[in-house]
Amino acid sequence: MFEKLAEQSLALMGWQIDNHWDLNIDQCVMIAAPHTSNWDALYARLALKALGVHVRITIKDSYMKLPFGPFVRAMGGIGIDRRPKHEGEPRPSMVQLMSDLFKEHPKLVMLVTPEGTRAKQEQWKTGFYHVAVSAGVPIALAYMDYAKKKTGVGKIIYPTGDYEKDMAEIMAFYAQISAKFPQDFSVDTRYHNDSTVS
């Protein structure tokens with residue numbers, strides 16, 4: 001019921017859903033981009049709900065406690081605790097902790113926003129790629145294209161281990177997407193020659 005309602009809501013706003021989601025995928029890292037407006041979250045959430053995709057978002061473990069915990073969990077939050085397990089040990093890396101979550105959750109679609117902010121970023125946070133490789137899961141490319149009024153999952157990438165090649169393929173995909181505020185969006189210029197999205 002909620003899936004149909006989400007689909008109808010998008011249709012009423014003039015948006016189409018791009019459905020390249022593979023129903024056989026139980027685990028993946030999902031990129032959401034561009035991220036230049038608060039509206040992005042609404043369209044992305046509606047599209048993913050319409051596709052029946054339940055995404056989870058990593059968040060600092062302290063937010064999982066009262067009073068915020070129940071709300072954060074309801075929104076798909078998963079706590080990350082970077083404290084060392086034993087005194088004197090170094091803090092574990094975010095990549096390791098995030099990839100370990102796939103061992104704990106047989107069904108996990110981990111949503112990430114590698115731009116990190118609504119301001120223009122010419123270098124993305126690329127930890128998502130290393131998480132996917134470490135966990136042995138694909139990378140789903142979710143997007144919001146304001147020129148075409150189309151949103152959803154446009155492509156599934158299976159990391160080959162060739163970092164430069166795979167990142168170039170991801171950036172080539174997002175370079176074709178029009179953000180709500182194009183002047184505030186750039187793909188990672190280290191892996192794509194033309195960072196301007198028109």
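**Terms and the values behind them**

Reply: We may begin with Ala172, which is found in helix H6, residues 163-174. Please bear in mind that the model is predicted.

Me: Why is Ala172 called partly exposed?

Reply: The relative accessible area of Ala172 is 34%. Buried means under 20% and exposed means over 50%. The value for Ala172 lies in between, and therefore the residue is called partly exposed.

Me: How far apart are Ala172 and Tyr191 in sequence and in space?

Reply: In sequence, 19 residues separate Ala172 and Tyr191, while their C-alpha atoms are 8.5 Å apart in space.

Me: What makes Met1, Phe2 and Leu5 a nonpolar patch?

Reply: Nonpolar side chains such as Met, Phe and Leu are joined in a patch within 5 Å, provided that each residue has over 30% relative accessible area and no salt bridge. Leu5, a residue of helix H1 (residues 2-12), has a relative accessible area of 48%, so Leu5 passes the cut-off of over 30%. Together, Met1, Phe2 and Leu5 have about 400 Å² of accessible area.

Me: How many salt bridges does the structure hold?

Reply: There are four. Side chains of opposite charge can pair when their charged atoms come close.

Me: How do you know that Glu7 forms a salt bridge with Lys4?

Reply: The closest N and O atoms of Glu7 and Lys4 are 4.0 Å apart. The definition asks for a side-chain nitrogen of Lys or Arg within 4 Å of a carboxyl oxygen of Asp or Glu, and therefore the pair is counted as a salt bridge. Both residues lie in helix H1, three residues apart, about one turn of the helix. Glu7 is partly exposed at 37% relative accessible area, and Lys4 is partly exposed at 48%.

Me: What makes Lys103 exposed and Asp100 partly exposed?

Reply: Lys103 has a relative accessibility of 69%; exposed means over 50%, so Lys103 counts as exposed. Asp100 has 21%; buried means under 20%, so Asp100 is not buried but counts as partly exposed. The side chains of these two residues meet in a salt bridge, with 3.4 Å from N to O. Lys103 and Asp100 are three residues apart in helix H4, and therefore about one helical turn separates them.

Me: Why is Asp188 called buried, and which residue forms a salt bridge with Asp188?

Reply: Asp188 has a relative accessible area of 0%. The salt bridge is formed with Arg190, the closest N and O atoms being 2.6 Å apart. Arg190, at 39% relative accessibility, counts as partly exposed.

Me: What is noted about the backbone at Pro34 and at Lys149?

Reply: Most residues other than glycine have a negative phi, and most peptide bonds are trans. Ala33 and Pro34 are joined by a cis peptide bond, with omega about -5°; Pro34 is placed in the loop between strand S2 (27-33) and H2. Lys149 is not a glycine, yet has a positive phi of about 50°. The loop that holds Lys149 lies between strand S6 (139-145) and strand S7 (150-157). With a relative accessible area of 32%, Lys149 is partly exposed.

Me: Which residues and elements line the largest pocket?

Reply: The lining of the largest pocket has 25 residues, and Ile57, Leu111, Val112, Thr113 and Pro114 lie nearest its centre. H2 gives the largest share, five residues. Elements that each supply at least two residues include strand S3 (55-60) and helix H5 (127-135). By class, 15 of the lining residues are nonpolar, seven are polar and three are charged. About 670 Å³ of space lies in this pocket.

Me: What is the space in the second largest pocket, and which element gives the most to its lining?

Reply: The second largest pocket has about 310 Å³ of space. Among its 14 lining residues, Asp81, Lys85, Pro92, Leu97 and Asp100 are the closest to its centre. H4 gives the most to this lining, with five residues. The lining divides into six nonpolar, two polar and six charged residues.

Notes:
Residues are numbered from 1 along each chain as its sequence is written. This is a predicted model: local features need pLDDT of at least 70, side-chain atom pairs count only at pLDDT 80 or more; totals for chains, interfaces and linings use all residues. Side-chain values use heavy atoms; hydrogens and water are left out. On a 1 Å grid over the protein atoms alone, a cavity is a set of points where a 1.4 Å probe fits but cannot get out, and a pocket is an open set with protein on both sides within 12 Å along at least five of seven lines; lining residues have an atom within 4 Å of a point. Grid points are joined across faces, edges and corners, and a volume is the space filled by probe spheres set on the points. Helices (H or I, at least four residues) and strands (E, at least two) are DSSP runs, numbered from the N terminus. Ala, Val, Leu, Ile, Met, Phe, Trp, Tyr, Cys and Pro count as nonpolar, Asp, Glu, Lys and Arg as charged, and the others, Gly among them, as polar. Patches are made of residues with over 30% relative accessible area and no salt bridge: like charges are joined within 9 Å, nonpolar side chains (Val, Leu, Ile, Met, Phe, Trp, Tyr) within 5 Å. Accessible areas come from the Shrake-Rupley method with a 1.4 Å probe; for residues, only the protein chains shown count as cover. Buried means under 20% relative accessible area, exposed over 50%, partly exposed in between (1.4 Å probe, protein chains only).
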